[in-house]
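Here's a quick briefing to read alongside the structure. Have a look at the picture first, then work through the points below.

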Amino acid sequence: MGISPVYYRKLLSRARSQLKSYLDGRCSLLNKNGSCKCVHKTNAAIKAGYINPDNLQFEAGYVMKVKDFVKQYSRKTEETLTIRFEQLFKEQPFWESPDYKKFLNQKIKTMEMAWRNLNN
(Lines give C-alpha, C1' and ligand atoms only; values in the text may rest on other atoms or scores of the structure.)
Protein backbone atom coordinates (compact mmCIF):
# COMPACT_ATOMS: atom_id res chain seq x y z
CA MET A 1 0.00 0.00 0.00
CA GLY A 2 2.99 2.29 0.24
CA ILE A 3 2.59 3.15 3.94
CA SER A 4 4.45 2.21 7.06
CA PRO A 5 3.11 -0.49 9.39
CA VAL A 6 2.67 2.10 12.15
CA TYR A 7 0.60 4.36 9.88
CA TYR A 8 -1.41 1.34 8.65
CA ARG A 9 -2.27 0.37 12.23
CA LYS A 10 -3.32 3.97 12.93
CA LEU A 11 -5.57 4.01 9.85
CA LEU A 12 -7.06 0.68 10.90
CA SER A 13 -7.71 1.98 14.41
CA ARG A 14 -9.42 5.10 13.03
CA ALA A 15 -11.53 3.02 10.63
CA ARG A 16 -12.67 0.75 13.45
CA SER A 17 -13.55 3.76 15.57
CA GLN A 18 -15.50 5.37 12.71
CA LEU A 19 -17.37 2.13 11.99
CA LYS A 20 -18.26 1.65 15.67
CA SER A 21 -19.43 5.26 15.91
CA TYR A 22 -21.52 4.86 12.75
CA LEU A 23 -23.09 1.55 13.74
CA ASP A 24 -23.68 2.47 17.38
CA GLY A 25 -26.25 5.06 16.42
CA ARG A 26 -27.91 2.96 13.71
CA CYS A 27 -27.63 -0.79 14.35
CA SER A 28 -30.26 -2.12 16.74
CA LEU A 29 -28.04 -5.13 17.49
CA LEU A 30 -25.46 -2.81 19.09
CA ASN A 31 -27.86 -0.21 20.45
CA LYS A 32 -31.53 -1.06 21.09
CA ASN A 33 -32.47 2.51 20.14
CA GLY A 34 -30.71 2.20 16.78
CA SER A 35 -32.78 3.12 13.74
CA CYS A 36 -31.82 0.11 11.59
CA LYS A 37 -33.75 -3.00 12.51
CA CYS A 38 -32.68 -6.39 11.17
CA VAL A 39 -36.34 -7.34 10.77
CA HIS A 40 -36.74 -4.68 8.07
CA LYS A 41 -33.55 -5.71 6.27
CA THR A 42 -34.34 -9.41 6.59
CA ASN A 43 -37.85 -9.03 5.16
CA ALA A 44 -36.48 -7.08 2.20
CA ALA A 45 -33.77 -9.73 1.64
CA ILE A 46 -36.36 -12.54 1.79
CA LYS A 47 -38.54 -10.74 -0.78
CA ALA A 48 -35.48 -10.26 -3.02
CA GLY A 49 -34.65 -13.97 -2.69
CA TYR A 50 -31.30 -13.47 -0.91
CA ILE A 51 -32.34 -15.24 2.27
CA ASN A 52 -34.22 -18.50 2.76
CA PRO A 53 -37.10 -17.75 5.18
CA ASP A 54 -36.90 -21.32 6.55
CA ASN A 55 -33.27 -20.83 7.60
CA LEU A 56 -32.60 -17.32 8.91
CA GLN A 57 -29.26 -18.18 10.51
CA PHE A 58 -26.05 -16.88 9.07
CA GLU A 59 -24.06 -19.41 7.05
CA ALA A 60 -22.76 -21.91 9.60
CA GLY A 61 -20.34 -23.68 7.23
CA TYR A 62 -17.68 -20.98 7.46
CA VAL A 63 -13.98 -21.83 7.54
CA MET A 64 -13.02 -19.48 10.36
CA LYS A 65 -13.96 -16.15 11.84
CA VAL A 66 -12.39 -13.02 10.41
CA LYS A 67 -10.63 -12.20 13.69
CA ASP A 68 -8.92 -15.62 13.63
CA PHE A 69 -7.90 -15.19 10.00
CA VAL A 70 -6.48 -11.74 10.67
CA LYS A 71 -4.60 -12.94 13.72
CA GLN A 72 -3.15 -15.83 11.73
CA TYR A 73 -2.05 -13.82 8.70
CA SER A 74 -1.43 -10.28 9.94
CA ARG A 75 2.05 -11.11 11.29
CA LYS A 76 3.00 -12.86 8.06
CA THR A 77 1.67 -9.96 5.98
CA GLU A 78 3.49 -7.41 8.10
CA GLU A 79 6.75 -9.36 7.81
CA THR A 80 6.33 -9.65 4.03
CA LEU A 81 5.65 -5.93 3.69
CA THR A 82 8.65 -5.09 5.87
CA ILE A 83 10.92 -7.25 3.70
CA ARG A 84 9.53 -5.72 0.51
CA PHE A 85 9.96 -2.16 1.81
CA GLU A 86 13.51 -2.98 2.89
CA GLN A 87 14.30 -4.40 -0.55
CA LEU A 88 12.73 -1.40 -2.26
CA PHE A 89 14.75 0.98 -0.09
CA LYS A 90 18.01 -0.84 -0.78
CA GLU A 91 17.40 -0.71 -4.54
CA GLN A 92 17.10 3.08 -4.57
CA PRO A 93 19.98 4.96 -6.22
CA PHE A 94 22.40 6.78 -3.95
CA TRP A 95 23.09 10.27 -5.24
CA GLU A 96 26.02 12.47 -4.38
CA SER A 97 24.96 15.46 -2.36
CA PRO A 98 25.39 18.81 -4.13
CA ASP A 99 28.27 21.00 -2.98
CA TYR A 100 26.16 23.60 -1.21
CA LYS A 101 29.18 25.48 0.10
CA LYS A 102 30.48 26.07 -3.42
CA PHE A 103 26.98 26.96 -4.67
CA LEU A 104 26.43 29.51 -1.86
CA ASN A 105 29.89 31.05 -2.32
CA GLN A 106 29.16 31.55 -6.03
CA LYS A 107 25.82 33.19 -5.24
CA ILE A 108 27.47 35.49 -2.68
CA LYS A 109 30.14 36.52 -5.20
CA THR A 110 27.46 37.20 -7.81
CA MET A 111 25.52 39.37 -5.34
CA GLU A 112 28.69 41.22 -4.29
CA MET A 113 29.49 41.98 -7.92
CA ALA A 114 25.93 43.18 -8.50
CA TRP A 115 26.20 45.52 -5.48
CA ARG A 116 29.54 46.88 -6.71
CA ASN A 117 28.06 47.57 -10.14
CA LEU A 118 25.10 49.39 -8.57
CA ASN A 119 27.40 51.58 -6.43
CA ASN A 120 29.69 52.53 -9.34
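What follows is a short tour of this model, from its overall build down to a few single residues.

Keep in mind that this is a predicted model. The protein has 4 helices and 0 strands, and its radius of gyration is 31 Å, whereas a compact globule of 120 residues would come in near 14 Å.

**Overall build**
- Starting at the N terminus, the elements go α-α-α-α.
- The C-alpha trace stretches over about 100 × 35 × 25 Å along its principal axes.

- The average pLDDT for the protein is 81, and 92% of the residues score at least 70.
- Helix α4 (residues 100–119) gets the highest confidence, at a mean of 90.
- Helix α2 (residues 38–48) gets the lowest, at a mean of 77.

**Inside and outside**
- The protein exposes about 12000 Å² of surface, and 59% of that comes from carbon and sulfur atoms.

**The cysteines**
- Is cysteine 27 buried or exposed? Its relative accessible area is 16%, and the cut-off for buried is under 20%, so cysteine 27 counts as buried.
- Cysteine 36 has 29% relative accessibility, which falls between the 20% and 50% cut-offs, so it's partly exposed.
- Searching the whole structure turns up 0 disulfides.

**A nonpolar patch on the surface**
- Which residues form the nonpolar patch? They are Met64, Val66, Phe69, Val70 and Tyr73, and together they have about 450 Å² of accessible area.
- Phenylalanine 69, one of the patch residues, belongs to helix α3 (residues 66–90).
- Why does phenylalanine 69 count as partly exposed? Because its relative accessibility is 44%, between the 20% and 50% cut-offs.

- You'll find tyrosine 8 in helix α1 (residues 5–26).
- Tyrosine 8 is partly exposed too, because its relative accessibility is 39%.

Notes. Residues are numbered from 1 along each chain as its sequence is written. This is a predicted model: local features need pLDDT of at least 70, side-chain atom pairs count only at pLDDT 80 or more; totals for chains, interfaces and linings use all residues. Side-chain values use heavy atoms; hydrogens and water are left out. Patches are made of residues with over 30% relative accessible area and no salt bridge: like charges are joined within 9 Å, nonpolar side chains (Val, Leu, Ile, Met, Phe, Trp, Tyr) within 5 Å. Accessible areas come from the Shrake-Rupley method with a 1.4 Å probe; for residues, only the protein chains shown count as cover. A salt bridge is a side-chain nitrogen of Lys or Arg within 4 Å of a carboxyl oxygen of Asp or Glu. Helices (H or I, at least four residues) and strands (E, at least two) are DSSP runs, numbered from the N terminus. Buried means under 20% relative accessible area, exposed over 50%, partly exposed in between (1.4 Å probe, protein chains only). pLDDT is the predictor's confidence in each residue, from 0 to 100. A disulfide is a pair of cysteine sulfur atoms within 2.5 Å. The radius of gyration is taken over C-alpha atoms; the globule rule is 2.2 Å times the number of residues to the power 0.38.
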